[in-house]
Amino acid sequence: MPDAPAPKTGKQKLWDATKLIIKIAVTSALLYYVFSKVPVEKVKYRLLHANYWWMAVALLTFFASMVVSAWRLLSFFKSINLRLDPRFNMRLYMLGLFYNFLLPGGIGGDGYKIWLLNKRYKLPAKKMFWAILFDRLSGLWAIGFIICTLIIFIPQIDVHLAIPGGIFLGGTAIYYFVAYKFFREYTKYFFQAHAKAILVQGLQVLCIIFVLLGQDFDGKFAPYLLSFLVSALAAVVPITIGGAGARETIFTQLSGIFNMDVGLAVFLSISFYIISLLVALTGVYYVIRTSRLEEGLPSIEEHDEEEETKPATN
């Protein structure tokens, strides 16, 4: 393992603590608002009487989405000639997920990945930052794509599909133009990575469907799925702990617009949080057993020799 990162200064520690306090406060305020609208007992009843076979399938589906997500990240790393062993990449991805989800006031998962890969492979941290950022952007793009698809199934949204479709296609064109013009290196596997992004979000939508089936739901799925995707966009803003509170608030607000059962809507959000938490917890293994993270990898010297012997590619 590479040397540990330099200790944080007092100012950095203070800022981390301040961010954590703010996130706890915002999360608490949002959850208080949600449960002032939806009795906790209703959500608790649904959780205790869920079909846990369907919940287990939902858990496995979400984990599968994380596997595909790690695979997607490899496409952007490959764009900057960082060819990671898929097993190491998956381990590092799960460790990063743990850091992002459970240590919101400390080291971030993306920051740790950049630090470790910079130490091991000597690539500029800036390059890895942009690769990870484009990976995140591809996920947001995929959410937008699926939202546009779902709109046609929701009668409460009285708008012709051509309008959101046109906005999405126009935004996609601008997105690709800017990426190709100013970040061309990261567009080598652009379409491949974005196809993977659709698969990631599709699996997470499927996860929500399985949670609904676990409640013997036989109504219209589209409003709940659309609300889930909109809440996913809200959860991207790093003002709460793991998206908690933000997702539930969005579900609560949209339940009135789309005529959803608000108790079921909040239950969906909390269930997804619990599923995400359980999957993120698998990353703690590599915190406890740090030596296993890079197990089986060639030494840095062997890796450098291997890269030097590879033919140059455009």
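**Helix packing in a predicted model**

Let me begin with isoleucine 146, which has its place in helix α6, the helix that spans residues 125-151.

Is isoleucine 146 buried or exposed? Its relative accessibility comes to 13%, and because buried means under 20%, isoleucine 146 counts as buried. If we set aside residues up to four places away in sequence, isoleucine 146 touches Ile198, Gln201, Gly202, Val205 and Leu229.

At a relative accessibility of 2%, asparagine 89 counts as buried, and, leaving aside its neighbours within four places in sequence, it is in contact with Ala70, Trp71, Leu73, Leu74, Phe77 and Leu84.

The axes of helix α3, residues 52-79, and helix α8, residues 190-213, come within 8 Å and cross at roughly 170°. Angles over 145 degrees count as roughly antiparallel, and α3 is therefore roughly antiparallel to α8. Sorted by class, the residues in this contact of α3 with α8 are 20 nonpolar, seven polar and three charged.

The other pair is helix α9, residues 222-236, with helix α10, residues 246-257, whose axes come within 8 Å and cross at roughly 140°. That angle makes α9 and α10 oblique to each other, and the crossing in which α9 passes α10 is right-handed. On the α9 side the contact is made by Tyr224, Ser227, Phe228, Val230, Ser231, Ala232, Ala234 and Ala235, and on the α10 side by Ala246, Arg247, Ile250, Phe251 and Leu254. By class, this contact has 10 nonpolar, two polar and one charged residues.

Finally, a word on annotation. The unreviewed UniProt entry gives the label "transmembrane region" to several stretches, among them residues 161-183 and 262-288. In the model, residues 161-183 are 91% helix and 0% strand, with the end C-alpha atoms 31 Å apart, whereas residues 262-288 are 89% helix and 0% strand, with the end C-alpha atoms 40 Å apart.

Note on methods:
Residues are numbered from 1 along each chain as its sequence is written. This is a predicted model: local features need pLDDT of at least 70, side-chain atom pairs count only at pLDDT 80 or more; totals for chains, interfaces and linings use all residues. Side-chain values use heavy atoms; hydrogens and water are left out. Axes are lines fitted to C-alpha atoms, for helices over the stretch in contact, and angles run from 0 to 180 degrees between N-to-C directions. Helices (H or I, at least four residues) and strands (E, at least two) are DSSP runs, numbered from the N terminus. Angles under 35 degrees count as roughly parallel, over 145 as roughly antiparallel, 65 to 115 as roughly perpendicular and the rest as oblique. Ala, Val, Leu, Ile, Met, Phe, Trp, Tyr, Cys and Pro count as nonpolar, Asp, Glu, Lys and Arg as charged, and the others, Gly among them, as polar. UniProt positions are given in the numbering used here, feature names are shortened, and annotations may be inferred rather than shown by experiment. A crossing is left-handed if the near helix is turned anticlockwise from the far one by less than a right angle, and right-handed if clockwise. Contact means heavy atoms within 4.5 Å. Buried means under 20% relative accessible area, exposed over 50%, partly exposed in between (1.4 Å probe, protein chains only).
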